[in-house]
Amino acid sequence: MTWGAYLVFGRGIDPRVGARVARAAAAIEAAPPAWLLDWIPSYDRIFVEYDPRRVDVRALADWARSLEAGEGREGRHVEIPVRYGGLDLPEIAERTGLSPEEVVRLHAGVNYRVYAVGFTPGFPFMAEVPEPLRLPRRAVPRKRVPAHAVGIAGVQTGIYPQESPGGWNLLGRTLIRVYDPHRERPFLLEPGDRVRFVPQKGEPPGPPEAVELLAAGEGAAVLEVLEPGWFTLPIDGGRFRAGRFGLARSGPLDARSLGVANRLLGNPPSAPALELNLAGPLLEALQGVTVALALQDAHGRMHAWTRLLRRGERLDLRALTGGTRGYLAVPGGLALGRFMGSASSDLKGRIGRPRAAGDRLRARAAPDRLRRTGRAWRHEGRADAEVVLRLRPGPQAEPEALEALLRGRFRVVAADRMGVRLEGSAVPGGEVTSEGVPLGAVQVPPGGAPMLLLADRGTIGGYAKPAVLHPADLARAGQLREGDRLRFVLDPSAQAYAVLDV
């Protein structure tokens, strides 16, 4: 179980406050306590995720006050070439009353301080943008911002290392990668660095090659992929203590189903397995092996089974029933390589990839270790027309926004590993100073359409978060699909996110 708190060192974007945050972040990195699951520095605060069974808020506050004894790192001066033009530049010029050339001159004429890295892997949050260029974020974020785009939002400027959703105003694209997982130093920029943009001509680079996790594993080959299905991914329990680089937690959208599949084979609950999405793969057994599948629907009704496959037998999972996402486990877990401590794919970070025809899957334990077959059924919840999810007050728990969430009725218009977009009742939202984003946050941009943020969420964001899903409901939220209808209720034992002034 995880919960979170904000350690606040000041208010707003200020170099002195940023220096305090940097010193505290360096102290955490030097000696992170065992109960600390992740930490995400931003402009004026550090978002920490912790195990509430091992530390309470009072002890957390005492620990936070001890963090500034060390020194922050000394930043470097980095020049980044940019091809300005296209994208939003004409609109930015019109809105600011400047010519496009004046916009470029102003943006490239400032040394920017890197305050944080987050949202997506390697995305630098920098300030301060010259006064004439300070425009708010877009009311409705784009679904796709091109890789290497340079954006501005208020006093901030930043770089989108990969294609991703985003709401900033775009000026151009960099001619170098600020993130490449194959480099010895994957992240070009770190907090404390000073950046100068240099206008140049040229073509932006393509995406880096994905880090291959499958080939790095060892073990007995037990299954071959004949047809990969749609978005079949290897995952484990998730990538912890990497949020400060912008890497997503990743891991399963439905941790409960992953745990059930693994326990049926005697594996640890977070052992690496395959996550199947909507339509799974067609597999062929390369030798005798027992596998397990588990999935639940968004109401919490579970369907799980184990099956013994003989050599040459095929397992057809192309039509999943009962839920959107299922989890296929093998004895001992899949044998996979790791990146920063996890075997989970992070497609925004170019770590891992979906399965492809011809892939061979290896098991860490002897494939014939278990010979159990049959089915195990477990039913919970009711097949109501609406999915009901519990909320706790979030970092920006304004009464009007909470009331709108609890009173409203919503429909899923899109769902993926980053989150679930909803339409229905308008919810008061808006911009905040960019800060760490909790897993399960209900984020509301100025347009008023809420989004539930899931396993591949951006780690830093600048939209209001009036509520956070109850941790036990994250698994069911991960089973939502387009067209599902839902409503929210307030968790009666609601524990608000702590905001601790340090």
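Okay, housekeeping. It's a predicted model, so local features need pLDDT of at least 70, side-chain atom pairs count only at pLDDT 80 or more, and totals for chains, interfaces and linings use all residues. Residues are numbered from 1 along each chain as its sequence is written, and side-chain values use heavy atoms, with hydrogens and water left out.

Let's start with strand β3, residues 45–50. When I say strand or helix, I mean a DSSP run, numbered from the N terminus: E and at least two residues for strands, H or I and at least four for helices. And "buried" is under 20% relative accessible area, "exposed" is over 50%, and "partly exposed" sits in between, with a 1.4 Å probe and protein chains only.

Who are the neighbours? Strands count as paired if DSSP finds at least two bridges between them. Strand β1, residues 3–8, runs antiparallel to β3 and is joined to it by six bridges; Gly-4, for instance, has Glu-49 as its bridge partner. Strand β2, residues 36–41, is also antiparallel to β3, over five bridges, and there Ile-40 partners with Phe-47. β2 and β3 make a hairpin, with three residues between them.

Asp-44 sits in that loop between β2 and β3. Buried or exposed? It's buried, at 2% relative accessibility. Its side chain has a polar atom 2.7 Å from the backbone nitrogen of Gly-12. There's also a polar contact of 2.8 Å between the side chains of Asp-44 and Arg-45. A polar contact here is a pair of N or O atoms within 3.5 Å; within protein, one must be able to donate a hydrogen and the other to accept it, and residues adjacent in sequence count only if both atoms are side-chain atoms. Leaving out residues up to four places away in sequence, Asp-44 touches a list that includes Leu-7, Phe-9, Gly-12 and Val-21, where touching means heavy atoms within 4.5 Å.

Now, salt bridges: a side-chain nitrogen of Lys or Arg within 4 Å of a carboxyl oxygen of Asp or Glu. By that rule the count is 40. One of them joins Arg-45 to Glu-435, with the closest N and O atoms 3.4 Å apart. Arg-45 is in β3 and Glu-435 is in strand β26, residues 431–436, so this pair ties together parts that are 390 residues apart in sequence. Arg-45 is buried at 13%, and Glu-435 is buried too, at 3%.

Compare helix α3, residues 89–96, where you'll find Arg-95. Its side chain meets that of Glu-91 in a salt bridge at 3.6 Å, N to O. Both lie in α3, four residues apart, about one turn of the helix. Glu-91 is partly exposed at 35%, and Arg-95 is partly exposed at 41%.

Last one: Asp-359 and Arg-353 form a salt bridge at 2.9 Å between the closest N and O atoms. Asp-359 is buried at 9%, while Arg-353 is partly exposed at 23%.
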